[in-house]
Amino acid sequence: MTRDEIKDLILEIIKDIDEDADFDTLQSDLPLRDQLDLDSMDFLDIVMELRKRHKLQIPEADYPQLASLTSCVNYLEPLLKNI
Amino acid sequence: MHTPLLIIGGGLSGLAAAIRFARFNPDVLILEKHSRVGGLNSWYYRHNSLFETGLHAITNFAPPEDKNAPLNRLFRQLKLRRKDFSFHEQLTSEICFTNQEALRFSNDFDLLLHEITSKFPGSANQFIKLVETIKEHDPFQTTPFRSARTYLDNTLNDPLLVDMLLCPLMYYGSSVENDMDFNQFVIMFRAIFLEGMFRPHGSIKDFLDRLLNHYQNFGGKIRLQAQVARIIHQGNKVQGVELQDGEIIECDALVSTIGLEETLACLDTPPLRQTQGKRLGFVESIFRLPSECRKDLPTDKTIIFYNNSEQLQYQRPQTLVDLTSGVICFPANFQGLAPQPYFEVRTTHLADYSSWKSLAGDKIAYLTAKSNTASQSKTTVEKIIGNFTQHVVYEDTFTPLTIERFTAKKEGAIYGCPDKIKDGNIGYDNLFLAGTDQGFLGIVGAMLSGVSMVNQHILSRL
């Protein structure tokens, strides 16, 4: 997957969690949680969806790396490079 | 057979736990002892009409846009759309201490604030500070029991106000006599006073049917009338369960929602610890009345929490029932409900399980006690809401024995054992507790309990 595709994947997953999520003002380098009113339970859904869709096992210690859209892409890029 | 996740109990916590898991993996099975789901909040038919059990109101009301509210978090976690449900908010409820004081409250917190400011002016500032503390406190940390009553006595400095505030919160979610844990107090204060009460459109059956449908659409399975005889385990590792009929179902993980002692009774090992304190039993009565009588009774009140004695006694009585305090609910008095040919008055009082149990062998004595209790309940609440006895077309009363029989809650204690297992961990590698004895109470609380136990203990191991 390209960086753009990964970004779209994350946004699609978030849209699936909260269909009212507003991406218009979303800044890629700021934490997703604060901008989208997501809590830790919603956050777990992102991890679970990645596991369900792409069989990715993300250890709990790595969750902080999914904080912002940019950090998500950075973290997932090597893991999804062959997909 | 073998299933990755097995859930004992098809009440609201079990259903929520199952839906949460099924969202990511359909291989989950619920085992429910009864012939229908819902647990404490279920229904039955008499004379071709449906009667709800348990449900007075659902707490934790929140508008859809308040994303962080427990109700909306729950809906997101279960992948349910708020838009697909219609809710009816309460009108006004009241805490009524006869010959002492009355406080009205609604889903608009300003009403309670105004009532307290005008009726307890000496405690108004302290109350405002208390509300700030409640808003900022994190009630989900696992800390030892801390008395809410002691805290309130020290902060508010008015024993009557303390009793009045605790009355609805204890009646809707305290398994402890005359008190509650401070964290539980914060959760219940937010759920009832800051958020508010509502009921779903239709009956509890419609609500449960939708949850069950949603679960089955994800591929989840359920078996009714499936009673677990024992949990099979080797040391701390659970391997599965054996049903009453001898069938063995193997699993990788087990979530039990049937209560702490009820779960330990299915295990070969002795209880990890003895639970402290008495279980609180209740009697509930339903009185059905023709709609013509509505005008004679309050039409603007949803729930009345009353107390007729000098000091509120939220404790196990020594007699069958304690009528000096209780809850009166008008299920027809929610916003936007269409008029029906009949309406109900429901009452709840504290009861003593052992007094009822001692009558169990003598059917006539038991039925007489039940009917006397219903009559006394009517006479007691008539002094608060007006006369209605002569118009009752149908009535039914549930004793702690009825509740025990249909919900399998030990001693009919709807709020379970006094001490809670907040992290759901009872000393096994792959068996976790959710629901009543995990400690989140009420319908939204029970469902969040199921969801959070699956999140914490099960999903992370998938």
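Which residues are buried in helix 4 (residues 69-79) of chain A? They are L69(A), C72(A), V73(A), Y75(A) and L76(A). Buried means under 20% relative accessible area, exposed means over 50%, and partly exposed lies in between (1.4 Å probe, protein chains only). This is a predicted model, in which local features need pLDDT of at least 70, side-chain atom pairs count only at pLDDT 80 or more, and totals for chains, interfaces and linings use all residues. Residues are numbered from 1 along each chain as its sequence is written, chains are lettered from A and ligands numbered from 1 in the order in which they are written, and side-chain values use heavy atoms, with hydrogens and water left out.

**Helix 4 of chain A**

- The cover over the buried residues of helix 4 of chain A includes helix 1 (3-17), helix 2 and helix 3 (40-54) of chain A.
- Helices (H or I, at least four residues) and strands (E, at least two) are DSSP runs, numbered from the N terminus.

**Salt bridges**

- The whole structure holds 33 salt bridges over all chains. A salt bridge is a side-chain nitrogen of Lys or Arg within 4 Å of a carboxyl oxygen of Asp or Glu.
- R53(A) and E12(A) form one at 2.8 Å, N to O. R53(A) sits in helix 3 of chain A and E12(A) in helix 1 of chain A, so the pair ties together parts 41 residues apart in sequence.
- R53(A) is partly exposed at 30% relative accessibility. E12(A) is partly exposed too, with a relative accessible area of 46%.
- E177(B) pairs with K278(B) in a salt bridge, with the closest N and O atoms 3.9 Å apart. E177(B) is in the loop between helix 6 and helix 7 of chain B, and K278(B) is in the loop between helix 9 (260-264) and strand 13 of chain B; they are 101 residues apart.
- E177(B) is partly exposed at 25% relative accessibility, and K278(B) is partly exposed at 46%.
- R279(B) and E262(B) form a salt bridge whose closest N and O atoms are 3.8 Å apart. R279(B) is in the loop between helix 9 and strand 13 of chain B, E262(B) is in helix 9 of chain B, and 17 residues separate them.
- Both R279(B) and E262(B) are buried.
- E12(A), D16(A), E49(A), R53(A) and K79(B) belong to one network, joined by salt bridges that share partners.

**Charge without a salt bridge**

- E284(B) lies in strand 13 (residues 281-290) of chain B. E284(B) is buried yet has no salt bridge. The nearest side chain of opposite charge is R346(B), 4.6 Å away. Lys and Arg count as positive and Asp and Glu as negative; His and the chain ends are not counted.
- Beyond neighbours within four places in sequence, E284(B) has contacts (heavy atoms within 4.5 Å) that include G54(B), H56(B), T347(B) and D396(B).

**Positive phi**

- Most residues other than glycine have a negative phi.
- N178(B), not a glycine, has a positive phi of about 55°. N178(B) is in the loop between helix 6 (159-171) and helix 7 (182-195) of chain B.
- A408(B), also not a glycine, has a positive phi of about 60°. A408(B) is in the loop between helix 12 (400-407) and strand 18 (431-433) of chain B. At 31% relative accessibility, A408(B) is partly exposed.
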